[in-house]
Amino acid sequence: DNAVAESFFKTIKVEWIYNHKISNQEQAQISIFEWIDCWYNRKRRHSALEYKTIDEFNEININFNNAV
């Protein structure tokens, strides 16, 4: 099932690509990377992760695994 991937691509299109003018492939790669790294992973909350950011979720898992 690829529902998670489809949801991600819908989100990036609606929240970023449709709202920004991108003139070439290099600019698109940089812009999309920055959106994913700076916004999607660090600030955007995800319902599948109990409304935590990806970074918060990973930090909790790292701490949990180190404690075990």
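This is a predicted model: local features need pLDDT of at least 70, side-chain atom pairs count only at pLDDT 80 or more; totals for chains, interfaces and linings use all residues.
How confident is the predictor? The average pLDDT of the protein is 86, and 97% of the residues reach at least 70. Confidence is highest in helix H2, residues 25-40, with a mean of 90, and lowest in helix H3, residues 54-67, with a mean of 84.

Now the overall layout. How many helices and strands does the protein have? There are 3 helices and 0 strands, and reading along the sequence gives the pattern α-α-α. The protein is more spread out than a compact globule, because its radius of gyration is 15 Å, well over the 11 Å that the globule rule gives for 68 residues. If you follow the C-alpha trace along its principal axes, the protein spans about 50 × 25 × 20 Å.

Next, the surface. The accessible surface of the protein is about 5600 Å², and carbon and sulfur atoms make up 55% of it. Of the 68 residues, 15% count as buried. As for charges, the protein has 8 positive and 10 negative ones, and their mean positions lie 6 Å apart.

Let's zoom in on one residue, Thr11. You will find Thr11 in helix H1, which covers residues 3-15. Is Thr11 buried or exposed? Thr11 has a relative accessible area of 10%, and because buried means under 20%, Thr11 counts as buried. Which residues does Thr11 touch, leaving aside those up to four places away in sequence? Thr11 touches Trp16, Trp35, Tyr40 and Arg44.

For the last stop, please move to the loop between H2 and H3, where Glu50 sits. Tyr51 is found in the loop between H2 and H3 too. What can we say about their backbone angles? Glu50 is not a glycine, yet it has a positive phi of about 60 degrees. Tyr51 is also a residue other than glycine, and its phi is positive, near 60 degrees. Are these residues buried or exposed? Glu50 is exposed, with a relative accessible area of 63%, and Tyr51 is exposed as well, at 57%.

Key. Residues are numbered from 1 along each chain as its sequence is written. Side-chain values use heavy atoms; hydrogens and water are left out. Helices (H or I, at least four residues) and strands (E, at least two) are DSSP runs, numbered from the N terminus. The radius of gyration is taken over C-alpha atoms; the globule rule is 2.2 Å times the number of residues to the power 0.38. Buried means under 20% relative accessible area, exposed over 50%, partly exposed in between (1.4 Å probe, protein chains only). Accessible areas come from the Shrake-Rupley method with a 1.4 Å probe; for residues, only the protein chains shown count as cover. Lys and Arg count as positive and Asp and Glu as negative; His and the chain ends are not counted. The place of a charge is taken as NZ of Lys, CZ of Arg, CG of Asp or CD of Glu. Contact means heavy atoms within 4.5 Å. pLDDT is the predictor's confidence in each residue, from 0 to 100.
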